[in-house]
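Subject: The structure for you to look through

Dear colleague,

I am passing on the structure we spoke about, together with some notes on what turned up in it. Please open it first and keep it in view while you read.

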Amino acid sequence: MGGTFMQLPPSFSSTNSAPLRISVIITNHNYAHFLRAAVDSVLDQTLPAIELIVVDDASTDNSLAVLEAYRNRLMVVRTSGWGQWRAAMAGFSRAVGNIIVFLDADDALTPTALARHAGEFEADRQCAVSQGQMDLIDRHGRALSGCLFMRRWLSGDLSSPLLLNGRLDHWPY
């Protein structure tokens, strides 16, 4: 369970004092087995997202059938074997929120994840990226030992290196 949360700088969102609007982007490639849990974890949040975008990158399993059950509650974007980063950017280009959450299809959010991170971003409008607590589970959803804790990692406008290079070179792990 996890997710990477990113607050857009004022150049992307109208102002730093704008109300927080959360867009969640799930990237998927042949993870039908996990996809329902990922989608449900977003839809069952105590603070709802304004939109859920699932980018399916040329899945050949039954991922699209899983997503069909949610057709009125999310947007599906199809890509054709672009890879995870470009698929995520296809979702990002359609997102309208000023907080963007990237979630892999084999991950799930805890029910208060969006509310907790929105609180972090509200408290520090310069916070740019936050990583959620990640509990390690097996493919059956059973908890494994170990977890990573939520950290507010980076501050300021990170849009240039992120958008130009497709990555941030210095993650403080």
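Read from the N terminus on, the elements of the protein follow the order β-β-α-β-α-β-α-β-α-β-β-β-β-α, and the secondary structure comes to five helices and nine strands (helices, H or I, have at least four residues and strands, E, at least two; both are DSSP runs numbered from the N terminus). Please bear in mind that this is a predicted model, in which local features need pLDDT of at least 70 and side-chain atom pairs count only at pLDDT 80 or more, while totals for chains, interfaces and linings use all residues. Residues are numbered from 1 along each chain as its sequence is written, and side-chain values use heavy atoms, with hydrogens and water left out.

Of the 173 residues in the protein, 43% are buried (buried means under 20% relative accessible area, exposed over 50%, and partly exposed in between, with a 1.4 Å probe and protein chains only). Among the contacts with a separation of 6 or more, 68% are between residues 24 or more positions apart, where contact means heavy atoms within 4.5 Å.

Strand 3 pairs with strand 2 in the parallel sense over six bridges (two strands pair if DSSP finds at least two bridges between them), and V24 has L52 as its bridge partner in strand 3.

Strand 2 also holds I26, which counts as buried because its relative accessibility is 0%. Leaving aside neighbours within four places in sequence, I26 is in contact with residues including L35, V39, L52, V54 and L103. I26 and D56 are 30 residues apart in sequence, and their C-alpha atoms are 8.4 Å apart in space.

Which residues touch the most other members of the largest nonpolar core? They are V24, I26, L35, V39, L52 and V54, out of 24 residues (such a core is a set of buried Ala, Val, Leu, Ile, Met, Phe, Trp, Tyr and Cys residues joined through side-chain atoms within 4.5 Å). Two or more residues each come from strand 2 (22-28), helix 1 (32-43), strand 3 (51-57), helix 2 (63-68), strand 5 and helix 4 (113-123), and helix 1 gives the most, with five residues. Apart from this core lies another, of twelve residues, among them I53, V77, A90 and A95.

Turning to the rings, a search of the whole structure finds two aromatic pairs (rings of Phe, Tyr and Trp, the last by its six-membered ring, pair if their centres lie within 6.5 Å, and planes under 30 degrees apart count as stacked, over 60 as edge-to-face and the rest as tilted). Y31 and F34 form an edge-to-face pair, 5.6 Å centre to centre with 80° between the planes. Y31 is partly exposed, at a relative accessible area of 33%, and F34 counts as partly exposed too, at 24%. F92 and F102 are stacked, 6.5 Å centre to centre with 25° between the planes; F92 lies in helix 3 (residues 84-92) and F102 in strand 5 (residues 99-104), so this pair ties together parts that are ten residues apart in sequence. Both F92 and F102 are buried.

With best wishes
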